[in-house]
Amino acid sequence: MKNIILVGMMSSGKTTLGKKLARALNYQFVDLDKLIEKDQGMEISAIFAQRGEPYFREVESRILKETASQKGIVLASGGGTPCFFDNMQVIREMGVSIFLDVPAEDLARRIENHGKDDRPILSGATSLVETLRNRITDRLPFYTQADFTLKGEIDVGHLLEVITPLL
């Protein structure tokens, strides 16, 4: 029973798809950001505001490593999780990693539909699409280390076809 770890940009569908995938496989769904918020007793945006990104990234890495021993989970990582410390190596050792590759324009549309104020790394962004393109470019070397890359709109049925033989 291998774990499944979803990586990708914010609003790429890690949580939405992860919940559906966990239900279909009878796995437990785990949202890394929710674990961090529970551990710290505050929302991610508050951690960034009060403690800063370096502190957040250290907590994120610690919680990821604590989660690594669990079995039968679908983990939605944070958008930046794979890009810091040895997190991508930890992710790859945890199970099957899948990069949800969604174009910046689609991400921007999704973020605008949800409101970007809850996304600390976007605060002060003047051009959302350009900011996302730059962030994708920076993160791509980490994301592409995932076992699989799925592009564009992804449904759980397609994802199940890809990963079921590997579990």
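Author: One term first: two residues are in contact when heavy atoms of theirs lie within 4.5 Å. Please also keep in mind that this is a predicted model.

Reader: Which residues is G13 in contact with, leaving aside its neighbours within four places in sequence?
Author: G13 is in contact with G18, L100 and R110.

Reader: And where is G13 found?
Author: G13 sits in the loop between β1 (3-7) and α1 (14-25). With a relative accessible area of 21%, G13 is partly exposed, because buried would require under 20%.

Reader: Which residues does the UniProt annotation "binding site" cover?
Author: According to the unreviewed UniProt entry, the annotation covers S11, S12, G13, K14, T15, T16 and R119. From this set, S12, G13 and T16 belong to the lining of the second largest pocket.

Reader: Let us change topic. How many salt bridges does the structure hold?
Author: The structure holds eleven salt bridges. In general, side chains of opposite charge can pair when their charged atoms come close.

Reader: What does E37 form a salt bridge with?
Author: E37 pairs with K34, and the closest N and O atoms are 3.7 Å apart. Both residues lie in helix α2 (residues 32-40), three residues apart, which is about one turn of the helix. K34 counts as exposed, at 52% relative accessibility.

Reader: What about D101 and K151, where do they lie?
Author: D101 is in strand β4 (residues 95-101) and K151 is in strand β5, 50 residues apart, so this pair also links distant parts of the chain. Their side chains meet in a salt bridge of 2.9 Å, N to O.

Reader: Is D101 buried or exposed, and what of K151?
Author: D101 is buried, with a relative accessible area of 18%, whereas K151 counts as exposed, at 62% relative accessibility.

Reader: Finally, which residues do salt bridges that share partners join into one network?
Author: That network consists of D39, R62 and E66.

Note on methods
Residues numbered from 1 in each chain as written. Predicted model: local features only at pLDDT ≥ 70, side-chain atom pairs only at ≥ 80, totals over all residues. Heavy atoms only, no water. Salt bridge = Lys/Arg side-chain N within 4 Å of Asp/Glu carboxyl O. Helix = DSSP H or I, 4+ residues; strand = E, 2+ residues; numbered from the N terminus. Buried < 20%, exposed > 50% of the residue type's maximum accessible area, 1.4 Å probe, protein only. UniProt positions renumbered as here; feature names shortened; annotations may be inferred. 1 Å grid on protein atoms, 1.4 Å probe; cavity = no way out; pocket = protein on both sides within 12 Å on 5 of 7 lines; lining within 4 Å.
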